Amino acid sequence: MKADLHLHTWCSDGTESSAEMVARAAHLGFGAVGITDHDTVEGIPEALEAGRRHGVTVVPGVEMTSRLGATELHLLLYFNPSCRPGTGWQHPDLLAELARQGARRADRVRGIARRLSELGVAVSAEEILRLAARPGREEGDPAAVGRPHVARALVAAGAASSIDDAFRRYLRRGAPAFVDKERTEVSSVLALARRIGGVSVLAHPGIARNESLPEELRRLGVDGIEAIHSRHPRAARERYLRFAMEHGLLVTGGSDCHGNLKGESLLGIVEFSGKELGRFLERVRALPC
Ligand code: AMP
Ligand code: FE
Ligand code: FE
Ligand code: ZN
């Protein structure tokens, strides 16, 4: 069986619903997927239902925006697919943390919109939040709004020629409309995961330019490392696989597909399988719930 354990839907900055994502994965022959939106679990119920329909195991997850000191890092949390309401991905402590992060994200987008208006670019916060809103979600109340939504609004308003162009001209760190976001210290996210029964995985360590992250996270008690990722060259993958083996950590793999945000979809590019997948699935299914 092959799996892709890192997927984004339109509940965060992806472009497809979680049901579409699961259906597409099923047609590509995936037996298991992880739905891991940034800072929201809003897409999970629909994904679980689509999983049952298509015979795909859906592992509920979330990609937590965190930090280690001043360094941003993404921590994937995974939960038991069969947990009851009030446990696992539906635990009130997790939902409270996600609500907090969602509010910070919305505030930050308002800050970016203010910068843009100072620059003479007429894209209002309301317009951005409206573009981010999806069916079934209250307008103006997107779960995890972020720069990709601002980028879409900039393209729609003709202020940028593409998503990449919007990031380059306005949104990347150092660009004139950049506003940083607040993050939760990773030790407290790890403590939350332990308390509510989640498996924690350091996401795409090869993207961060900080090679000491895996070791520091290991010391803090992380459960696994995403060795296999669409942006990890073979050498990075081998290095993180070795690291995981040496320290008895779980290994995961995923494409980090965001739908067709940038034109082409990454689903299908990464296939995670074998003993490591078996170990991972066994571990999440054994989580208390
Ligand atoms: P945010 O969480 O709001 O800071 O936005 C970060 C997200 O923007 C990432 O998860 C990526 O999906 C996306 N992103 C980051 N840099 C770029 C870029 N240069 N072009 C397009 N998307 C990007
Ligand atoms: Fe993203
Ligand atoms: Fe990430
Ligand atoms: Zn991601």
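Q: Where is the place of Ser255?
A: In this predicted model, Ser255 sits in the loop between β8 and β9. Strands such as these are DSSP runs of E with at least two residues, helices are runs of H or I with at least four, and both are numbered from the N terminus. Residues are numbered from 1 along each chain as its sequence is written, and chains are lettered from A and ligands numbered from 1 in the order in which they are written. Because the model is predicted, local features need pLDDT of at least 70 and side-chain atom pairs count only at pLDDT 80 or more, while totals for chains, interfaces and linings use all residues; side-chain values use heavy atoms, with hydrogens and water left out.

Q: Why is Ser255 called buried?
A: Buried means under 20% relative accessible area, exposed means over 50%, and partly exposed lies in between (1.4 Å probe, protein chains only). Ser255 has a relative accessible area of 0%, and it is therefore buried.

Q: What makes the pairing of the side chains of Ser255 and Asp4 a polar contact?
A: The term requires a pair of N or O atoms within 3.5 Å; within protein, one must be able to donate a hydrogen and the other to accept it, and residues adjacent in sequence count only if both atoms are side-chain atoms. The side chains of Ser255 and Asp4 make such a contact at 2.7 Å. Asp4 is also among the residues that Ser255 touches, which include His6, Leu7 and His229, when residues up to four places away in sequence are not counted. To touch, or to be in contact, is to have heavy atoms within 4.5 Å.

Q: How do you know whether Glu264 is buried or exposed?
A: Glu264 has a relative accessible area of 58%, so it is classed as exposed. Glu264 lies in the loop between β8 and β9. The C-alpha atoms of Glu264 and Met64, 200 residues apart along the chain, are separated by 25 Å.

Q: Why is Ser66 called buried?
A: Ser66 has a relative accessible area of 0%, and therefore it is buried. Ser66 belongs to strand β3 (residues 57–68). A polar atom of its side chain lies 3.0 Å from the backbone oxygen of Met64. Setting aside neighbours within four places in sequence, the contacts of Ser66 include Thr71, Glu72 and Arg183.

Q: Which residues coordinate the iron ion (ligand 2)?
A: Asp13 (OD), His38 (NE2) and His258 (NE2) do so, at 2.1 to 2.2 Å. Donors are N, O and S atoms within 2.8 Å of the metal (3.2 Å for Na, K and Ca); water is not among the atoms, so sites may look incomplete. His38 and His258 are both buried.

Q: Which residues coordinate the iron ion (ligand 3)?
A: The donors are Glu63 (OE), His74 (ND1) and His204 (NE2), at 2.0 to 2.3 Å. Glu63 and His74 are buried. The iron ion (ligand 3) and the iron ion (ligand 2) are separated by 5.9 Å.

Q: Why is His204 called buried?
A: His204 has a relative accessible area of 10%, and it is therefore buried. His204 lies in the loop between β6 (199–202) and α8 (213–220). Its phi is near 20 degrees, a positive value in a residue other than glycine. Most residues other than glycine have a negative phi.

Q: What makes α3 roughly antiparallel to α7?
A: The axes of helix α3 (residues 92–118) and helix α7 (residues 186–196) come within 10 Å and cross at roughly 150 degrees, and therefore α3 is roughly antiparallel to α7. Angles under 35 degrees count as roughly parallel, over 145 as roughly antiparallel, 65 to 115 as roughly perpendicular and the rest as oblique. Axes are lines fitted to C-alpha atoms, for helices over the stretch in contact, and angles run from 0 to 180 degrees between N-to-C directions. Asp93, Leu94 and Glu97 of α3 meet Leu192, Arg195 and Ile196 of α7.

Q: What makes α4 roughly perpendicular to α5?
A: The axes of helix α4 (residues 125–132) and helix α5 (residues 147–156) come within 9 Å and cross at roughly 110 degrees, so α4 is roughly perpendicular to α5. Ile128, Leu131 and Ala132 of α4 make the contact with His149, Val150, Arg152 and Ala153 of α5.
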